[in-house]
Amino acid sequence: MVFRVWPLFLIVFSLIVLGAFSSVQALEPGDQVPDFVMHSENGAPQRLSEQIGKPVMIIWLDDCNACSERLIDWQYQAESRAVDGLVTWFVWQPQKGYKAPWSRLPVLSYRENNKDAWLFQPAPAVMLISPDGILDHLFLYRLDERKTEIASTLKSWLHNKQWLQKGIL
């Protein structure tokens, strides 16, 4: 009897675990980035699909309690590329007792109870998303040490319009 119940238990347990983590996305370059809506800490809700036709940079923050100073370089980089049509968002996951970072750019707040949002892991990460919603570049880990590399890639990507999917713009 125990041997018959065990496979059923594993199936039910797997479904519960997968359901609990269904809002966490695993993406790699070449993948279509799923749409989301997240509220901005400094403005209105933002929907990724409303940016179709524009290049987008999303910076997924890691442990960030009032970490505004860490965002300044990213903010300057994004603002200097706005002339190229770049849309930039920070995504922050609130934790108990944490204060949202301040930025002139939208700081989107991922909340588990938002059925229209998803969370990317691992963080920190920088995504460069082409105007057709394809993830072109993904930078993970040690982002502060890689700012020059990311800035160079961003500049080339925007200047040459090197989108992974041909025929855009």
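Author: Let us begin with that part. Searching the whole structure turns up 1 disulfide. Its partners are Cys 64 and Cys 67, with their sulfur atoms 1.7 Å apart. A disulfide is a covalent bond between the sulfur atoms of two cysteines. If you look along the S-S bond, the angle about it is -70°, and the link of Cys 64 and Cys 67 is left-handed. Are these two cysteines buried or exposed? Both Cys 64 and Cys 67 are buried.

Before going on, please keep in mind that this is a predicted model. The mean pLDDT of the protein chain is 83, and 82% of its residues reach 70 or more. One stretch needs care: over residues 5-22 the pLDDT is below 50, and beyond near neighbours in sequence this stretch has 0 contacts in the model. Where pLDDT is low, the predicted coordinates should not be read in detail.

Now for the setting of the disulfide. The protein chain has 3 helices and 9 strands, and they follow one another in the pattern α-β-β-β-β-α-β-β-β-β-β-α. Of its 169 residues, 39% count as buried. Among contacts with a separation of 6 or more, 66% come from residues 24 or more positions apart. The accessible surface of the chain is about 10000 Å², and carbon and sulfur atoms hold 56% of that.

What does Phe 90 touch, leaving aside its neighbours within four places in sequence? Its contacts include Ile 59, Leu 61, Leu 71, Trp 74 and Gln 75, as well as Ser 103, Leu 105, Pro 106, Val 107 and Leu 108.

Phe 36 counts as buried because its relative accessibility is 1%. Not counting residues up to four places away in sequence, Phe 36 touches several residues, among them Gln 46, Leu 48, Ile 58, Trp 89, Leu 108, Ala 117 and Trp 118. Phe 36 and Asn 114 are 78 residues apart along the chain, with 9.6 Å between their C-alpha atoms.

Next, the charged pairs. Side chains of opposite charge can pair when their charged atoms come close. In this structure there are 10 salt bridges. One of them joins the side chains of Lys 147 and Asp 73, at 3.1 Å from N to O. That pair links distant parts of the chain, with Lys 147 in helix H3 (residues 147-160) and Asp 73 in helix H2 (residues 68-80), 74 residues apart. Asp 73, at 46% relative accessibility, counts as partly exposed. Asp 144 joins in too, and Asp 73, Asp 144 and Lys 147 are linked in a network of salt bridges.

Another pair is Asp 84 with Arg 81, whose closest N and O atoms are 3.5 Å apart. Here Arg 81 is buried, at 18%, while Asp 84 is partly exposed, at 33%. Glu 145 is exposed at 63%, and Arg 142 is exposed at 56%.

Arg 142 brings us to some backbone details. Arg 142 lies in the loop between E9 and H3, and its phi is near 40°, a positive value in a residue other than glycine. Tyr 141 is in the loop between strand E9 (135-140) and H3; it has a positive phi of about 65° although it is not a glycine. Tyr 141 is partly exposed, at 44% relative accessibility.

Finally, look for two cis peptide bonds. One joins Gln 121 and Pro 122, with omega about 10°, and Pro 122 lies in the loop between strand E7 (119-120) and E8. The other runs from Ala 123 to Pro 124, with omega near 10°, and Pro 124 is likewise in the loop between E7 and E8.

Conventions
Residues numbered from 1 in each chain as written. Predicted model: local features only at pLDDT ≥ 70, side-chain atom pairs only at ≥ 80, totals over all residues. Heavy atoms only, no water. Salt bridge = Lys/Arg side-chain N within 4 Å of Asp/Glu carboxyl O. Helix = DSSP H or I, 4+ residues; strand = E, 2+ residues; numbered from the N terminus. Buried < 20%, exposed > 50% of the residue type's maximum accessible area, 1.4 Å probe, protein only. Contact = heavy atoms within 4.5 Å. pLDDT = per-residue confidence, 0-100. Areas by Shrake-Rupley, 256 points an atom, 1.4 Å probe, with all protein chains shown as cover. Disulfide = S-S within 2.5 Å.
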